[in-house]
Amino acid sequence: MSRSRIRAFSPYSKALRSFSTGISYFKEVPFSRMTEEEQQLLTEQRVVDHADVCVVGGGVAGLATAIRLKQLDNKEGYGTLRVVVLEKAPDMGSHIVSGAVLEPRGLRELFYTDDGIPLPDDMVTLVEEEHMRFLVPNDSFPVPEPPQMTNVGKNYIVSLSEVTKYLSERAEKLGVELYSGISVDELVIDDASNSVIGVATKDMGIGKDGVPNDDFERGMQFNSKLTVLAEGCHGSLSKKAIKKYNLRDGRNPQTYGLGLKEVWEVKPENFKKGYVGHTMGYPLSEDVYGGGFQYHFGDGLVTVGLVVGLDYKNPWISPYQEFQKLKHHPFYSSVLKGGKCISYAARTLNEGGLQSVPQLFFPGGVLVGASAGFMNVPKIKGSHTAIKSGILAAESAFKALQKQNLLKTVEEVEKETILKEEAEERGDEYTPLDGATALELRSYEEAFKDSWLFQELYEVRNVRPSFSGPFKLLGGLAFSGLVTLFTKGREPFTLNHHNTDAYITENAALHPKIVYPKPDGEISFDILTSVSRTGTYHKEDERCHLRIPSQDYGLHTERLYKAYRGIENRFCPAGVYEYIPDESKKDGVKFQINAQNCIHCKTCDIKIPTQTINWEVPEGGDGPKYQMT
């Protein structure tokens, strides 16, 4: 295939066109004003590698896809299928955040076992006791648990980041190629077929001014027959694929929650191994969906957290500060008092359910896991569903590769290796013998609709949207109780979600300002102390990955501050956005982005009312380095 037929869906090229129309806070250099050498560096031909399947994202969904593909290849194929997993985190699992109480069904299917959980004993804690409470200030009342939430004796408390590390080891033993510290920021499109035929990794060494530094390194291109987008919630490539191929046509918009959590070492007398507690009510108001949790696991560890639905209207709400308030409630403080916080994390999660799941396939690619939005909200679980989606995608892909005779024998692989080496010696670009075949896996969508995954989501499809009705929290509780206990999905209707979480946000003048208490430094903490516990790192001279129009901070302030009074520094759980008092400015403030604090939660991209913050991947290996999350 000639290079002229291939183009890249590049956020950088799009940004280049806008630089000439405005000046950013740190003044990026327009492409047209760069030296000829700098322009050549940014546009030089990439090194191209070829894989059969390229998975973007090394979470449980992406790893499950890769594992099942190699299982099938080693059993029914020739063992030669090249499956590559590209992960932006510095280490496998270090960008993974979840509660997590893990339902073992997906893992059992992945590893062909009927009982227990196929993980090391020291990695899991069986749930032995659980309660659900409705909190009011300084007190709580028991609430009946829906059967979908029952965990005792069957589900396990885990650190999902540790589970992910373990799955990566299992994948590698099967022959999957794993590359961490690699950010992928482009879909490579074949113009002739309008198919995704691969991805390109992010250029390294671009300075804050947008100009290549001395350590500049051009990204690589990975061509493949199938690109699996497994980036997690609101992935940057998934967002582009959904828009380009209209994958949300006929589907509801996605709605999201922001999950914040800490891991504590608690005093022995406060620890109850295998205990799970969920709460609703305080500190959230009745028109804000969400709830808290505490899980006791391992050797004296307690995970405590809060999930806040991002469809709240009041821009004065700070999910981070609500979490700090939650910990002072006796239900939580009685456990945490005298303990030590060792880790903090935050990440958005999909809450839309079945009606917000987009079309799962597009020419040359598929969406799996949280990239598609498979979380079961009433269960507060998404890992088992993510794993199942990876299994379904892998099985559909392997069948398609078999049907189209795209599985290569050992002899064919050896022949291609020789041809590739000869091409490199001549200085030519190598093209595989089977060309740029791009799979279109309609069969994956069909397999999803025939699976227990679809049935599980269908049964609870009306629970989450019921909380957005006129009766708010109490109405949602009553309706969801009816659905989970009695009708179980047999309702002759499907409730729809509102518009996007950004759209629903109201003007600050319509709501009273919320004044949050100061942290005490023992149970509650200031936001920078929490960020320091994430291990977050971004290269000092790196180009800002949080993109606003023309990087014009003054224009951003003009558009947002008067109406929303600094909503960015309240919805962000990492202190990335600030409005600093400055009397010389029209609105009396100066907007600032502290990109080095970013923990990759994606809240800004989702919640900003004007939809003028675009979260892009930073350089590979940057961001948080979570432990036990």
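Me: Which aromatic cluster includes Tyr553?

Reply: This is a predicted model, in which local features need pLDDT of at least 70, side-chain atom pairs count only at pLDDT 80 or more, and totals for chains, interfaces and linings use all residues. Residues are numbered from 1 along each chain as its sequence is written, and side-chain values use heavy atoms, with hydrogens and water left out. Rings of Phe, Tyr and Trp (for Trp the six-membered ring) pair if their centres lie within 6.5 Å, and planes under 30 degrees apart count as stacked, over 60 as edge-to-face and the rest as tilted. The cluster is formed by Tyr553, Tyr561, Phe571, Tyr577, Tyr579 and Phe591.

Me: Are the rings of Tyr245 and Phe362 stacked or edge-to-face?

Reply: Their centres are 5.4 Å apart and their planes meet at 15 degrees, so the pair falls in the stacked class. Tyr245 lies in the loop between helix H6 (236-244) and strand S17 (256-265) and Phe362 in strand S22 (residues 361-362), so that this pair links distant parts of the chain, 117 residues apart. The answer is stacked.

Me: Is Tyr245 buried or exposed?

Reply: Buried means under 20% relative accessible area, exposed over 50%, and partly exposed in between (1.4 Å probe, protein chains only). Phe362 counts as buried at 1% relative accessibility. Tyr245, with 13% relative accessibility, likewise counts as buried.

Me: Which residue lies over the face of Tyr245?

Reply: A charge sits over a ring if NZ of Lys or CZ of Arg is within 6 Å of the ring centre and within 35 degrees of the ring normal. At 5.4 Å from the ring centre of Tyr245, the residue over its face is Lys244.

Me: What is the angle between the planes of Phe454 and Tyr458?

Reply: Helices (H or I, at least four residues) and strands (E, at least two) are DSSP runs, numbered from the N terminus. Phe454 and Tyr458 are four residues apart in helix H12, and are therefore separated by about one helical turn. Their rings form a stacked aromatic pair, with 6.0 Å centre to centre and an angle between the planes of 20 degrees.

Me: Which residues of helix H12 are buried?

Reply: Tyr458 is partly exposed, with a relative accessible area of 31%. In helix H12 (residues 452-459), the buried residues are Trp452, Leu453, Phe454, Glu456 and Leu457.
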